[in-house]
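Hi there,

Could you look it over when you have a moment?

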Amino acid sequence: MSPVPVVLAGARGHGRWHLANIRRLERAGLVRLAGICELTPLTEEEAGGELPEQSADFGALLDSTGARIAVICTPIPTHTDLALTAARKGVHLLLEKPPAPSYAEFRRMADGVAEAGVACQVGFQSLGSHAVPAVRELIAQGVVGEVVGIGGAGAWVRDEAYFRRAPWSGRRRLDGADVIDGALTNPLAHAVATALALGGSTRAEDVTGIETELAHANDIEADDTSCVRVTTAQGHRVTVAATLCAERPDEPYVLVHGSSGRITFWYKQDRVLLQRGGHGPEEYHHGRTDLLENLVEHLTTGAALLVPPDETGAFMRVVEAIRLAPDPEPLPDAAWRRVPGESRRVVPGIDSFVAAAADTLSLYSELGAPWAPRTEHARYEVSTR
């Protein structure tokens with residue numbers, strides 16, 4: 001089998017991870033880095049090896065390289081148009097999350113890709129974890145009883161420079177276009193998508209209602225300290241709390257609450273802890289399938305895609321609810337402090353509130369957080385028509 005030619009759009013920032021991954025698969029003989037699309041060409045050192053063809057014109061680069069796969073890791077507002085450019089040329093896609101900044105843009109992308117007949121994988125790497133089907137199997141077997149709800153917790157640290165890394169960073173809109181670069185929709189989007197996936201609520205029609213509480217300690221438009229509660233068609237709640245202003249960074253996790261036990265999944269570590277009545281704690285470590293490798297296998301052997309667009313429809317409902325919610329409230333000065341020498345802002349006590357939200361399926365305001373948004377949390381009802 002000849003290596004599959006790949007073009008990478010966006011090779012700096014998070015794109016460096018994709019570049020290294022493509023190089024890894026290139027060494028394994030699965031792909032060939034055929035081109036890089038960047039406004040400023042990469043140096044050989046940045047490219048991690050021999051330079052492929054480079055161009056700022058994505059469509060022209062796809063044509064000249066004969067690419068079969070495009071990896072798109074560009075600013076969020078550009079995802080849909082670039083994906084459709086590739087789809088119209090018959091080029092298959094690995095599209096970085098979030099796939100789009102609004103539900104309408106997501107549908108335009110997903111429908112266009114389907115019409116073109118190309119494969120599209122959305123880059124929720126956590127959904128490639130073998131722990132996801134393993135936890136679903138535990139739930140299906142009734143190991144923790146009936147699912148009561150699912151919580152998610154993400155307590156991360158980002159310094160103030162993080163929000164200046166690009167013109168769209170920390171923005172809800174830029175030049176009239178939606179961006180929606182908040183904690184729940186971008187850096188900790190995996191917590192939301194993984195929580196929905198463990199509960200079997202991945203498609204748009206699986207969501208019936210969404211409540212949001214959005215705030216920020218940093219001087220940004222978007223949220224850096226927020227929580228969301230999703231009501232699903234299955235009847236259980238999914239509550240995810242996140243912050244980029246943690247006192248101490250911690251591994252994000254998803255927590256399945258059962259009537260007779262619970263399952264904790266640290267999705268970056270592929271680690272699962274099962275706790276249930278009458279048994280001691282049981283811990284499992286799982287492997288992971290790389291999403292680009294899975295896309296190559298899909299094209300060459302017919303393997304099923306792990307994260308096709310429609311399996312992210314529920315996540316995009318959450319993005320839409322956050323987009324339509326009132327702009328996040330700035331936290332009062334008394335609610336946060338700067339860390340000396342680190343140029344970052346911390347919300348004292350936020351680590352405990354994030355954990356408590358996942359543990360009780362409550363929103364910050366219901367937990368009594370003194371800085372929680374003063375207005376009633378925003379509600380977004382999903383039409384069933």
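Arg 107, Asp 111, Arg 203, Glu 205, Asp 310 and Glu 311 are joined in a network of salt bridges (a side-chain nitrogen of Lys or Arg within 4 Å of a carboxyl oxygen of Asp or Glu). The count comes to 30 salt bridges by this rule. This is a predicted model, where local features need pLDDT of at least 70 and side-chain atom pairs count only at pLDDT 80 or more, while totals for chains, interfaces and linings use all residues. Residues are numbered from 1 along each chain as its sequence is written, and side-chain values use heavy atoms, leaving out hydrogens and water.

Two individual pairs may interest you. Arg 288 and Asp 270 meet through their side chains at 2.9 Å, N to O. Asp 270 is buried at 10% relative accessibility, whereas Arg 288 is partly exposed at 33% (buried is under 20% relative accessible area, exposed over 50%, partly exposed in between, with a 1.4 Å probe and protein chains only).

Glu 38 forms a salt bridge with Arg 12 at 3.7 Å, N to O. Here Glu 38 is buried, with a relative accessible area of 16%, and Arg 12 is partly exposed, with 29%.

Glu 311 also turns up among the residues that line the largest cavity, together with Phe 124, Leu 127, Ala 193, Leu 196, Ser 201, Thr 202, Thr 312 and Phe 315. That lining divides into five nonpolar residues, three polar and one charged (Ala, Val, Leu, Ile, Met, Phe, Trp, Tyr, Cys and Pro count as nonpolar, Asp, Glu, Lys and Arg as charged, the others, Gly among them, as polar). A cavity is a set of points on a 1 Å grid over the protein atoms alone where a 1.4 Å probe fits but cannot get out, and lining residues have an atom within 4 Å of a point.

Best wishes

Key. On a 1 Å grid over the protein atoms alone, a cavity is a set of points where a 1.4 Å probe fits but cannot get out, and a pocket is an open set with protein on both sides within 12 Å along at least five of seven lines; lining residues have an atom within 4 Å of a point.
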